[in-house]
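Please read them alongside the entry displayed here.

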Protein chains: 2
Amino acid sequence: MCRHCDYKELLKASGLESNSNRIRVMEIVGNSSYPLSAQEISDTIDRTASINRVTVYRILDLLVEKGLLDRISAGDRSFRYGMAPNAHHRHHPHFYCRQCSAMECLSPESVHLDTAFLERTFPGAIEKVEVRLDGICKNCLQKLLK
Amino acid sequence: MCRHCDYKELLKASGLESNSNRIRVMEIVGNSSYPLSAQEISDTIDRTASINRVTVYRILDLLVEKGLLDRISAGDRSFRYGMAPNAHHRHHPHFYCRQCSAMECLSPESVHLDTAFLERTFPGAIEKVEVRLDGICKNCLQKLLK
DNA sequence: CGGCAATATGCAACCGAATTGCATGAATGT
DNA sequence: ACATTCATGCAATTCGGTTGCATATTGCCG
Ligand SMILES: [Mn+2]
Ligand SMILES: [Mn+2]
Ligand SMILES: [Zn+2]
Ligand SMILES: [Zn+2]
């Protein structure tokens, strides 16, 4: 999906050693057209050389902390992971289907969000803005109608 | 906090019997200046006549389903509950402090969000839009600096 | 009122996603 | 080679929240 990203380079740029597990996780997330759960990432990894579930969680934590990945709230109690905004990936909103729990990335232009005023006046430190739309996805809508 | 809301009336209007437990939950949520966790609601209830934890969860589920309350994703794995948008409560964004896990309601005008285009063109059904800002709250910022 | 169905509540057990503790394995530096 | 640091695996645990099922309360009809 993303042929712009040199994951090894991205890791280096964030001051992280780039081992094969980290690169694998970055690739899987970067290649996905929608944000992935830790479970989905782990399952994908298991199709080649498997990494322990806990290690995957720890790698995800690390990559989020270093700002390479975004941890995204789904409408349920789980998290999804996607590329953090960078030169090649603009910040964008997501859609969550409460029927099938699938998430979709929406285009950066799909909604207009202006936080400039708040950023200037809010007394705390704003680090991230998350916009999530909830509802029923196209697929589930069709199934429900018949 | 909200002297506009007749909770008994709101329940009735949504086709729900209004018993004391439901009214109690509505009051607690409606009187709060920030969205509350089920735990916080339960703790508040326990200061008077206590209701079983599970019953609180079930009442919350019901009120969310009927559109009286909003279930809001915090930045962690828990939910918060606030009044759903209605005649007296405009839809508004929230702030989540990753340090102390506190949430704040932001004013409806604080950010400008335009989803009109998406609402027209999105192939699924959009039922809800959530805007959450994450960071460090004013309080925690001060503590960190000294 | 009595009888009975429908709802609401309580309690214990359970669940899934994520986290922790601790032992072991790899990598790095001297 | 050896010590130090960092990465990984495995088992056990935590945390919000949910389910199953028994009991209580309510609403409704005669
Ligand atoms: Mn995305
Ligand atoms: Mn609010
Ligand atoms: Zn769906
Ligand atoms: Zn805080």
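1. A polar contact is a pair of N or O atoms within 3.5 Å; within protein, one must be able to donate a hydrogen and the other to accept it, and residues adjacent in sequence count only if both atoms are side-chain atoms. On this basis, a phosphate oxygen of DNA strand C is 2.8 Å from a polar backbone atom of Asn52(B). A polar backbone atom of Phe79(A) is 2.9 Å from a phosphate oxygen of the DNA strand. For Thr55(B), an N or O atom in the side chain is 2.9 Å from a phosphate oxygen of DNA strand C.

2. The model is predicted: local features need pLDDT of at least 70, side-chain atom pairs count only at pLDDT 80 or more, and totals for chains, interfaces and linings use all residues. Residues are numbered from 1 along each chain as its sequence is written, chains are lettered from A and ligands numbered from 1 in the order in which they are written, and side-chain values use heavy atoms, with hydrogens and water left out.

3. DNA strand C is surrounded by 19 residues (near: a heavy atom of the residue within 4 Å of the strand). The closest are Tyr57(A), Asn21(B), Arg22(B), Asn52(B) and Arg58(B). Of the DNA atoms within 4 Å of the protein, 62% belong to sugar or phosphate and the rest to bases.

4. Which elements supply this surface near DNA strand C? Helix H4 (53-65) of chain A, and H2 and helix H4 (53-65) of chain B, each supply at least two residues (helices, H or I, of at least four residues and strands, E, of at least two are DSSP runs, numbered from the N terminus). H4(A) gives the largest share, five residues.

5. In chain B, three strands form an open antiparallel sheet in the order E1-E3-E2 (two strands pair if DSSP finds at least two bridges between them). Strands E1 (36-37) and E2 (69-73) of chain B stand at the edges with a single partner strand each, so one side of each is left without a neighbour in the sheet. Two bridges join E1(B) to E3(B), residues 79-83, and Leu36(B) has Tyr81(B) as its bridge partner in E3(B).

6. The manganese ion (ligand 2) is coordinated by His92(B) (NE2), His94(B) (NE2) and Cys105(B) (SG), at 2.1 to 2.4 Å (donors: N, O and S atoms within 2.8 Å of the metal, or 3.2 Å for Na, K and Ca; water is not among the atoms, so sites may look incomplete). His94(B) lies in strand E4 (residues 94-97) and Cys105(B) in strand E5 (residues 103-105) of chain B, so the pair ties together parts that are 11 residues apart in sequence.
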